[in-house]
Amino acid sequence: MAAFVEPHYEAWQAGGGNITVVDKVLPEILHMVHPHWNQFPPMNPLWHSLLGFAIFVLAVVSVAGNGCVMYIFSSTKGLRTPSNLLVVNLAFSDFFMMFTMGPPMVVNCYHETWYFSALACEIYACLGSLFGCVSIWTMTMIAFDRYNVIVKGLSGKPMTNNGALLRIVAIWAFSLFWTLAPFFGWNRYVPEGNMTACGTDYLTKDWVSRSYILVYAVFVYFLPLLTIIYSYYFILKAVSEHEKNMREQAKKMNVASLRSSEANQTSAEIKLAKVALVTISLWFMAWTPYLVINFTGVFESAPISPLATIWGSLFAKANAVYNPIVYGISHPKYRAALYKTFPSLSCQEEPSSDAQSVASGATQASEEKA
């Protein structure tokens with residue numbers, strides 16, 4: 001796995017001496033740094049600059065985008081529905097992920113090492129884990145809500161405000177359990193290889209630490225991912241069967257289609273398939289790099305360099321940027337409210353009042369059932 005090994009940038013190292021990535025670490029947090037990182041030279045300063053700039057841009061876009069989603073959904077009466085409470089919770093989690101983690105990482109990239117205290121490192125890692133877990137399970141609940149409405153139909157129990165709030169409280173309580181566990185001895189929070197961020201310890205060899213990574217992966221990666229895939233698979237199946245029935249009914253009535261010509265240009269199952277593919281693909285791209293890095297450390301399947309640890313942080317934080325697009329802007333009523341409240345932020349002409357979106361179809365159906 002040569003991709004995990006960073007080349008030595010001897011051209012900018014002082015005399016090509018025995019300088020390591022750990023040398024700039026403050027003395028008070030040296031005890032947290034795993035000996036594995038002592039073998040690597042410092043990262044090229046260009047990587048720190050690029051990472052700091054990327055995180056700064058992601059933070060600005062995420063805070064603005066998720067702030068808009070929270071404001072629009074909360075201030076627009078027609079959007080204050082049980083299903084949309086989950087969307088607001090997702091935006092809230094993503095907003096505070098970048099609001100609390102973006103600035104410290106930019107500062108650390110400027111200093112090319114972790115510049116704050118050991119406690120700050122643990123809090124930083126804890127917040128990242130907390131908001132990441134909340135976002136993951138909120139997206140899972142959104143997918144399952146759409147499954148409940150579209151697949152189960154009238155037999156499904158509609159979500160109420162109390163039901164949505166109960167789900168949100170359960171998500172936060174579940175996430176807090178996993179993120180507080182390292183403070184009580186089940187794994188620990190340590191500086192990552194690039195020394196500008198902190199995360200869970202996936203290099204310690206005892207099975208207490210390893211078991212945390214493995215069990216955490218099951219409940220915060222594999223189970224949510226499989227639930228999302230399961231939900232969208234049966235949603236696509238149900239919509240496909242519905243479209244087939246409509247075509248058969250139209251044939252019996254001797255008409256071309258029961259839909260308007262505009263709506264018939266792209267079938268509902270094709271639209272929904274695209275939404276499902278985008279949702280699952282973005283989720284997979286956001287969290288898989290962290291999983292690969294953690295599992296590589298746990299199973300010692302390849303050497304992990306400081307440079308490799310950058311990608312986990314970057315891809316996970318990027319998830320907070322495109323979530324507002326996938327779960328907010330795809331909602332037609334949100335687009336209409338956005339155009340009305342912030343016309344300059346809208347990238348289209350004023351949307352029609354009867355605009356429909358397959359991505360939010362389940363949410364609208366849930367509103368009607370409620």
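Modeller: Methionine 195 sits in the loop between β1 (189–191) and β2 (198–200). Strands (E, at least two residues) and helices (H or I, at least four) are DSSP runs, numbered from the N terminus. The model is predicted, so local features need pLDDT of at least 70 and side-chain atom pairs count only at pLDDT 80 or more, while totals for chains, interfaces and linings use all residues. Residues are numbered from 1 along each chain as its sequence is written, and side-chain values use heavy atoms, with hydrogens and water left out.

Methionine 195 is not a glycine, yet its phi is positive, at about 65°. Its relative accessibility is 1%, so methionine 195 counts as buried (under 20% relative accessible area; exposed is over 50%, partly exposed in between, with a 1.4 Å probe and protein chains only).

Glutamate 112, in the loop between α2 and α3 (118–150), also has a positive phi of about 65° without being a glycine. At 23% relative accessibility, glutamate 112 counts as partly exposed.

Helix α2 (residues 82–111) packs with helix α4 (residues 161–180) at an angle of about 30°, their axes 8 Å apart. Axes are lines fitted to C-alpha atoms, for helices over the stretch in contact, and angles run from 0 to 180 degrees between N-to-C directions. α2 and α4 are therefore roughly parallel (under 35 degrees; over 145 is roughly antiparallel, 65 to 115 roughly perpendicular, the rest oblique). Contact (heavy atoms within 4.5 Å) involves residues including Leu85 and Phe92 of α2, and Ile168 and Trp172 of α4.
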